[in-house]
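Please keep the structure in view while reading.

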Amino acid sequence: METLETLDPHWAWLALGLVLAAAEMAIPGLFLIWLAGAAILTGLLTWVAPIGVPLQVVIFAVLAIVGVFSGKRYLRSNPVVSADPLMNDRGGRLVGEVVVVTHAIVEGSGRVKQGDSEWLARGPDAEPGTRMRVAGHDGVVLVVEHLH
């Protein structure tokens, strides 16, 4: 069994790379992955060539800097687009939907129902039971308009 003194440095770099990759998966931010890649490449390089630890650290630092800046440039050119940009925007998802007034909209303020949810609403005066369309939202207040 190997002790810490006889452990080859490439195993430490490879382990560091895997830990950084796992950290990137646990806390995604598209930053640690470049450091993980630099550590893994440093580990592979030290596996095939006898390189001293100080030079290994320099190689890691250079690869990390190149990786981070290259990754940043790549992501600026190819931004990550959300598959569902309205996922956490309930009001935004309702734009265009038909709602029913539950509490009269008087002087621009009232309540409407869509599905099983009731929302504060702002729009033209309307009596309960009137069907209206959601034109937008202002935080948790739906902006409604008459159906055309």
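In this predicted model, W11 is partly exposed, with a relative accessible area of 41%, and W47 is likewise partly exposed, at 48%.

**Aromatic pairs**

- Searching the whole structure gives 2 aromatic pairs.
- In the pair formed by W11 and W47, the ring centres are 5.4 Å apart and the planes stand at 50 degrees, so the pair is classed as tilted.
- Because W11 belongs to helix α1 (residues 9–26) and W47 to helix α2 (residues 32–48), this pair ties together parts that are 36 residues apart in sequence.
- W13 and F60 make up a pair that is also tilted, with 5.2 Å from centre to centre and 35 degrees between the planes.
- This second pair links helix α1, which holds W13, with helix α3 (residues 53–77), which holds F60, across 47 residues.
- Both W13 and F60 are buried.

**Nonpolar cores**

- The largest nonpolar core has 12 residues, including L94, V112, W119, V134 and L142.
- Two or more residues of this core come from each of β1 (98–106), β3 (117–122), β4 (131–138) and β5 (141–146), and the largest share, 3 residues, is from β1.
- Leaving aside residues up to four places away in sequence, L142 touches several residues, among them G91, L94, V112, W119, A121 and V134.
- Another core, of 10 residues, lies apart from the largest one and includes L35, A36, A39 and F60.

Methods: Residues numbered from 1 in each chain as written. Predicted model: local features only at pLDDT ≥ 70, side-chain atom pairs only at ≥ 80, totals over all residues. Heavy atoms only, no water. Phe/Tyr/Trp six-rings, centres within 6.5 Å; stacked < 30°, edge-to-face > 60°. Helix = DSSP H or I, 4+ residues; strand = E, 2+ residues; numbered from the N terminus. Buried < 20%, exposed > 50% of the residue type's maximum accessible area, 1.4 Å probe, protein only. Core = buried A, V, L, I, M, F, W, Y, C linked by side-chain atoms within 4.5 Å. Contact = heavy atoms within 4.5 Å.
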